[in-house]
Amino acid sequence: MPALGVAWRVGVDGMALAISLMSGLLFLCALAWPADYKGRARQYYAWFLFLQGVSLGLFLTLDLLVFYVFFDLSLVGMYFLIGRWGHGDAEYAALKFFIYTLAGSLAILLAILGLVLANDTLTFDMRELIAAQPLQGVDVRSSLVLLGFLVGFAIKTPLVPFHTWLPLAHVEAPGPASAILAGVLLKMGTYGIVRIPFSMMRETFAAYALPLAIVALMSILWGAIVALGQTNLKRRIAYTSVNHMGYTVLGIAAAGAAIGGDAARTLALNGAITEMVAHGLITGALFLMAGSFWQRTGTYELSAYGGLARVAPKLMIGFFLAAFASFGLPALAGFVAEFQIFAGTFAIYPWLAAIGLIGILITAALFLSMLQKIFFGDLVDQRQGFADLNRTEVGFLALLLVLVVLIGIYPGWLLTMIETGSAFLPLQGTEG
């Protein structure tokens, strides 16, 4: 639509390439993971492939309007995966997910229009808008546009207090859909923050970086504390996503602040992007394994398990490795990401970084207590015949966890990829 400045523009920088590769791998593992198709296997795979297409489209597009289209279409794919192949109150969970995130996307649409119309030339080309910086400074208009972007992306991420749709959607969704929801769809929120307001409204973003960092800190602490109190396996993992996405947004806010040196801001931003990749791999693996619990027993309640190390050693090894990575144990991917985030943030907002470290301590406690409850102690009588992971599950789980270890012990290849486009300008791509 040349009259509107809209075109099929695609391309990658370091951030988009890293997240797209992670998403593609996670989709492959989720598609191959055993699930209850409820007699509709063809439709199940069709919706998964549709969701994969629009997810990769969002990360690869360089046009704001096309970005919004893919953002909205991702809701459709996940809505059907939860509503038709979920369990329990799946239809209500799917509806709540759709309504919440659709409200956020409408806020983003209004913000996109406000940003584009402020530019001298009518265009939705992200590269031109980054270069032009249409809304500079801090006034009512720029503040409202930034608010629209941040609220919309905060719902998708999600940040406290916009997170209430997430636990229910995770608990009722099938395991592979939960892996994609946490590993890919949540990244659309943080990716969108970096790609649009962070890059296109630098002065305005810097002015509101501290309030955003405080909201991120609230998500870190609230997600960890509430997760600690959960007795449902999937709900506990879901709340850790709120906690970890808080780390990501904290790094983005620190990188966007007007204070601090360039080295600190670059470190914080690279850490936030690394956290997106690491969280996708780690939490994707956790939710796939959680799906295996449901496939075998039909329950996520922690009280229904105990002593599984005796009958499911492969599952125990995978769960321990993913859990250790999630709370930032050195030599694993989570540590690489969180170290960069906190090192960069400490140079800019030292008191926020110091308080945020409490979240790591709580996360370690909640995962260790969960692992102890599930795998140690006496084997519950009902779990005598609990089946360990099969070859398919072990193979695809290994794909994810090998990368988690590789990033932890040799992160240079990933950081080099990310730093290729750390300035996010110019974005190299093609237009048609």
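A residue here counts as buried when its relative accessible area is under 20%, as exposed when over 50%, and as partly exposed in between (1.4 Å probe, protein chains only). The model is predicted, so local features need pLDDT of at least 70 and side-chain atom pairs count only at pLDDT 80 or more, while totals for chains, interfaces and linings use all residues. Numbering runs from 1 along each chain as its sequence is written, and side-chain values use heavy atoms, with hydrogens and water left out.

Let's start with helix H4, residues 90-117; helices are DSSP runs of H or I, at least four residues, numbered from the N terminus. Leu110 sits in this helix and, with a relative accessible area of 62%, is exposed. Ala94 is also found in H4, but at 1% relative accessibility this residue counts as buried. Ala94 touches Tyr79, Ile82 and Gly83, leaving aside residues up to four places away in sequence; a contact means heavy atoms within 4.5 Å. Val76 is 18 residues from Ala94 along the chain, and their C-alpha atoms are 9.8 Å apart.

Now for helix H17, residues 412-419, where the buried residues are Leu414, Leu415, Met417 and Ile418. They span an arc of only 160° around the axis, so they lie on the same side of H17; the arc is taken from the directions from the helix axis to the C-beta atoms. The buried residues of H17 pack against helices H1 (14-32), H12 (262-297), H14 (333-346) and H16 (391-409).

Definitions and conventions: Helix = DSSP H or I, 4+ residues; strand = E, 2+ residues; numbered from the N terminus.
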